[in-house]
Amino acid sequence: MYPPNIQNFIRIFSKLPGIGPKTSERIAFYILSQSEDFSNKIAESIKAIKKETKKCSECGNIGLSDPCNICKDENRDKSKICVVESALDIYAIEELNSYKGLYHCLDGLISPLHGVTPDKINIKKLINKIKEKEIKELIFALSATPEGDLTIFYIKDLLKDINIKITALARGIPVGTGLQYASSKSLLEALKGREEVK
(Lines give C-alpha, C1' and ligand atoms only; values in the text may rest on other atoms or scores of the structure.)
Protein backbone atom coordinates (compact mmCIF):
# COMPACT_ATOMS: atom_id res chain seq x y z
CA MET A 1 0.00 0.00 0.00
CA TYR A 2 1.24 3.49 -0.91
CA PRO A 3 2.26 6.00 1.78
CA PRO A 4 -0.65 8.15 3.02
CA ASN A 5 0.47 11.27 1.08
CA ILE A 6 0.44 9.39 -2.23
CA GLN A 7 -2.90 7.73 -1.37
CA ASN A 8 -4.32 11.19 -0.66
CA PHE A 9 -3.01 12.58 -3.97
CA ILE A 10 -4.54 9.65 -5.90
CA ARG A 11 -7.87 10.04 -4.08
CA ILE A 12 -8.07 13.79 -4.78
CA PHE A 13 -6.93 13.67 -8.41
CA SER A 14 -9.35 10.79 -9.11
CA LYS A 15 -12.17 13.30 -8.62
CA LEU A 16 -11.08 15.29 -11.68
CA PRO A 17 -13.12 14.68 -14.86
CA GLY A 18 -11.66 11.97 -17.07
CA ILE A 19 -9.08 10.93 -14.47
CA GLY A 20 -9.56 7.70 -12.56
CA PRO A 21 -7.41 6.05 -9.87
CA LYS A 22 -4.97 4.49 -12.37
CA THR A 23 -4.32 7.80 -14.18
CA SER A 24 -3.94 9.57 -10.80
CA GLU A 25 -1.44 6.92 -9.81
CA ARG A 26 0.61 7.51 -13.01
CA ILE A 27 0.49 11.30 -12.47
CA ALA A 28 1.69 10.88 -8.87
CA PHE A 29 4.68 8.78 -9.91
CA TYR A 30 5.48 11.07 -12.82
CA ILE A 31 5.58 14.06 -10.44
CA LEU A 32 7.80 12.08 -8.06
CA SER A 33 10.25 11.47 -10.90
CA GLN A 34 10.52 15.19 -11.71
CA SER A 35 12.38 18.01 -9.97
CA GLU A 36 10.97 19.83 -6.96
CA ASP A 37 10.79 22.96 -9.13
CA PHE A 38 8.36 21.14 -11.47
CA SER A 39 6.03 20.10 -8.64
CA ASN A 40 6.17 23.64 -7.19
CA LYS A 41 5.12 25.08 -10.56
CA ILE A 42 2.16 22.68 -10.72
CA ALA A 43 1.10 23.64 -7.19
CA GLU A 44 1.45 27.37 -7.93
CA SER A 45 -0.53 27.12 -11.19
CA ILE A 46 -3.39 25.35 -9.36
CA LYS A 47 -3.43 28.07 -6.69
CA ALA A 48 -3.33 30.80 -9.36
CA ILE A 49 -6.37 29.38 -11.16
CA LYS A 50 -8.48 29.78 -8.03
CA LYS A 51 -6.91 33.00 -6.75
CA GLU A 52 -6.62 35.06 -9.95
CA THR A 53 -9.56 33.91 -12.07
CA LYS A 54 -12.73 36.00 -11.86
CA LYS A 55 -16.24 35.20 -12.98
CA CYS A 56 -17.81 37.88 -15.16
CA SER A 57 -20.88 39.33 -13.45
CA GLU A 58 -22.33 40.22 -16.87
CA CYS A 59 -22.12 36.95 -18.81
CA GLY A 60 -20.65 34.29 -16.52
CA ASN A 61 -17.43 33.95 -18.50
CA ILE A 62 -14.13 33.45 -16.68
CA GLY A 63 -11.05 35.63 -17.03
CA LEU A 64 -8.76 37.97 -15.17
CA SER A 65 -11.24 40.85 -14.96
CA ASP A 66 -14.89 41.54 -14.18
CA PRO A 67 -16.49 42.39 -16.54
CA CYS A 68 -14.60 40.10 -18.92
CA ASN A 69 -12.79 41.26 -22.06
CA ILE A 70 -15.72 40.17 -24.26
CA CYS A 71 -18.29 42.21 -22.32
CA LYS A 72 -15.93 45.22 -22.24
CA ASP A 73 -15.32 45.11 -26.00
CA GLU A 74 -17.20 48.02 -27.57
CA ASN A 75 -16.92 46.41 -31.02
CA ARG A 76 -19.09 43.42 -30.10
CA ASP A 77 -22.61 43.18 -31.54
CA LYS A 78 -24.69 43.89 -28.45
CA SER A 79 -27.94 42.88 -30.19
CA LYS A 80 -27.05 39.16 -30.08
CA ILE A 81 -26.61 36.84 -27.12
CA CYS A 82 -25.21 33.34 -27.50
CA VAL A 83 -26.44 31.12 -24.65
CA VAL A 84 -23.99 28.44 -23.53
CA GLU A 85 -23.87 25.83 -20.81
CA SER A 86 -20.42 26.70 -19.42
CA ALA A 87 -17.56 29.17 -19.85
CA LEU A 88 -15.64 26.37 -21.60
CA ASP A 89 -18.15 26.65 -24.46
CA ILE A 90 -17.46 30.39 -24.80
CA TYR A 91 -13.81 29.64 -25.46
CA ALA A 92 -14.71 26.95 -28.00
CA ILE A 93 -16.85 29.44 -29.95
CA GLU A 94 -14.34 32.30 -29.62
CA GLU A 95 -11.62 30.13 -31.18
CA LEU A 96 -13.67 30.11 -34.39
CA ASN A 97 -13.19 33.90 -34.70
CA SER A 98 -16.60 34.09 -36.40
CA TYR A 99 -19.19 35.09 -33.77
CA LYS A 100 -18.94 38.72 -32.62
CA GLY A 101 -21.93 39.05 -30.28
CA LEU A 102 -22.27 38.69 -26.51
CA TYR A 103 -22.64 35.56 -24.37
CA HIS A 104 -24.66 34.28 -21.46
CA CYS A 105 -23.46 31.28 -19.46
CA LEU A 106 -26.21 29.21 -17.81
CA ASP A 107 -23.82 27.23 -15.59
CA GLY A 108 -25.71 24.03 -16.35
CA LEU A 109 -28.78 22.60 -18.06
CA ILE A 110 -32.22 21.74 -16.74
CA SER A 111 -32.14 18.07 -15.73
CA PRO A 112 -35.03 16.87 -13.54
CA LEU A 113 -33.45 13.41 -13.23
CA HIS A 114 -30.38 14.96 -11.60
CA GLY A 115 -32.32 17.48 -9.50
CA VAL A 116 -31.30 20.47 -11.65
CA THR A 117 -34.41 22.65 -11.79
CA PRO A 118 -34.66 25.98 -13.70
CA ASP A 119 -34.01 28.00 -10.54
CA LYS A 120 -30.63 26.27 -10.11
CA ILE A 121 -29.15 27.62 -13.33
CA ASN A 122 -28.63 31.18 -14.56
CA ILE A 123 -31.94 31.72 -16.42
CA LYS A 124 -33.44 34.64 -14.49
CA LYS A 125 -30.52 36.94 -15.28
CA LEU A 126 -30.78 36.06 -18.99
CA ILE A 127 -34.49 36.94 -19.10
CA ASN A 128 -33.83 40.25 -17.30
CA LYS A 129 -31.01 41.06 -19.73
CA ILE A 130 -33.31 40.47 -22.71
CA LYS A 131 -36.03 42.67 -21.21
CA GLU A 132 -33.64 45.50 -20.31
CA LYS A 133 -31.47 45.60 -23.44
CA GLU A 134 -32.21 45.75 -27.15
CA ILE A 135 -31.54 42.09 -27.91
CA LYS A 136 -32.65 41.05 -31.40
CA GLU A 137 -31.38 37.47 -31.53
CA LEU A 138 -30.90 34.78 -28.91
CA ILE A 139 -28.65 31.96 -30.14
CA PHE A 140 -28.71 28.70 -28.22
CA ALA A 141 -25.37 26.89 -28.36
CA LEU A 142 -26.23 24.08 -25.97
CA SER A 143 -25.33 20.40 -26.02
CA ALA A 144 -27.39 18.26 -28.39
CA THR A 145 -28.91 16.29 -25.51
CA PRO A 146 -32.41 15.94 -24.01
CA GLU A 147 -31.29 18.33 -21.23
CA GLY A 148 -30.11 20.87 -23.80
CA ASP A 149 -33.40 20.65 -25.72
CA LEU A 150 -35.46 20.91 -22.53
CA THR A 151 -33.53 24.03 -21.47
CA ILE A 152 -34.06 25.66 -24.88
CA PHE A 153 -37.80 25.05 -24.89
CA TYR A 154 -38.18 26.17 -21.27
CA ILE A 155 -36.46 29.50 -21.96
CA LYS A 156 -38.29 29.92 -25.29
CA ASP A 157 -41.59 29.55 -23.43
CA LEU A 158 -40.57 32.29 -20.98
CA LEU A 159 -39.96 34.60 -23.95
CA LYS A 160 -43.19 33.88 -25.86
CA ASP A 161 -44.48 37.42 -25.32
CA ILE A 162 -41.20 39.11 -26.31
CA ASN A 163 -40.39 39.94 -29.92
CA ILE A 164 -36.99 38.27 -30.35
CA LYS A 165 -35.50 35.91 -32.91
CA ILE A 166 -34.57 32.61 -31.26
CA THR A 167 -32.13 30.32 -33.03
CA ALA A 168 -30.14 27.21 -32.16
CA LEU A 169 -27.02 25.67 -33.62
CA ALA A 170 -27.69 23.45 -36.62
CA ARG A 171 -27.45 19.77 -35.76
CA GLY A 172 -24.01 19.35 -37.29
CA ILE A 173 -22.82 18.41 -33.82
CA PRO A 174 -23.40 14.76 -32.90
CA VAL A 175 -26.30 14.15 -30.53
CA GLY A 176 -25.15 13.75 -26.94
CA THR A 177 -21.93 15.71 -27.53
CA GLY A 178 -20.85 18.79 -25.60
CA LEU A 179 -19.64 21.81 -27.59
CA GLN A 180 -16.12 21.55 -26.22
CA TYR A 181 -15.74 18.10 -27.84
CA ALA A 182 -16.92 19.14 -31.31
CA SER A 183 -14.35 19.88 -34.00
CA SER A 184 -13.84 23.53 -34.93
CA LYS A 185 -15.21 22.88 -38.44
CA SER A 186 -18.38 21.19 -37.12
CA LEU A 187 -18.95 23.97 -34.60
CA LEU A 188 -18.42 26.70 -37.20
CA GLU A 189 -20.86 25.06 -39.62
CA ALA A 190 -23.40 24.59 -36.84
CA LEU A 191 -23.10 28.27 -35.87
CA LYS A 192 -23.39 29.51 -39.46
CA GLY A 193 -26.31 27.20 -40.20
CA ARG A 194 -28.24 27.98 -37.03
CA GLU A 195 -31.96 27.51 -37.34
CA GLU A 196 -34.91 29.26 -35.81
CA VAL A 197 -36.36 27.42 -32.82
CA LYS A 198 -39.97 26.57 -33.60
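Select Asp157 to begin: with 46% relative accessibility, Asp157 counts as partly exposed, where buried means under 20% relative accessible area, exposed over 50%, and partly exposed in between (1.4 Å probe, protein chains only). Bear in mind that this is a predicted model, in which local features need pLDDT of at least 70 and side-chain atom pairs count only at pLDDT 80 or more, while totals for chains, interfaces and linings use all residues. Residues are numbered from 1 along each chain as its sequence is written, and side-chain values use heavy atoms, with hydrogens and water left out.

Lys160 counts as exposed, at 57% relative accessibility. In the whole structure, a search finds 6 salt bridges.

For another of these, select Lys41 and Asp37, whose closest N and O atoms are 3.3 Å apart in a salt bridge. Both belong to helix α3 (residues 36-52), where they are 4 residues apart, about one turn of the helix; helices (H or I, at least four residues) and strands (E, at least two) are DSSP runs, numbered from the N terminus. Lys41 is exposed at 56% relative accessibility, whereas Asp37 is partly exposed at 45%.

Next, go to helix α2 (residues 21-33), where you will find Phe29. At 38% relative accessibility, Phe29 counts as partly exposed.

Then move to strand β5 (residues 137-141): are its residues mostly covered or uncovered? The strand is mostly covered, with 5 of its 5 residues buried. In a regular strand, side chains alternate between the two faces of the sheet. Here Glu137, Ile139 and Ala141 on one side are buried, and so are Leu138 and Phe140 on the other.

Finally, select the neighbours of β5, remembering that two strands pair if DSSP finds at least two bridges between them. Strand β3 (residues 77-84) runs parallel to β5 and is joined to it by 5 bridges, with Lys80 standing opposite Glu137. Strand β6 (residues 165-168) also runs parallel to β5, through 4 bridges, and Phe140 stands opposite Ala168 in β6.

Key: Salt bridge = Lys/Arg side-chain N within 4 Å of Asp/Glu carboxyl O.
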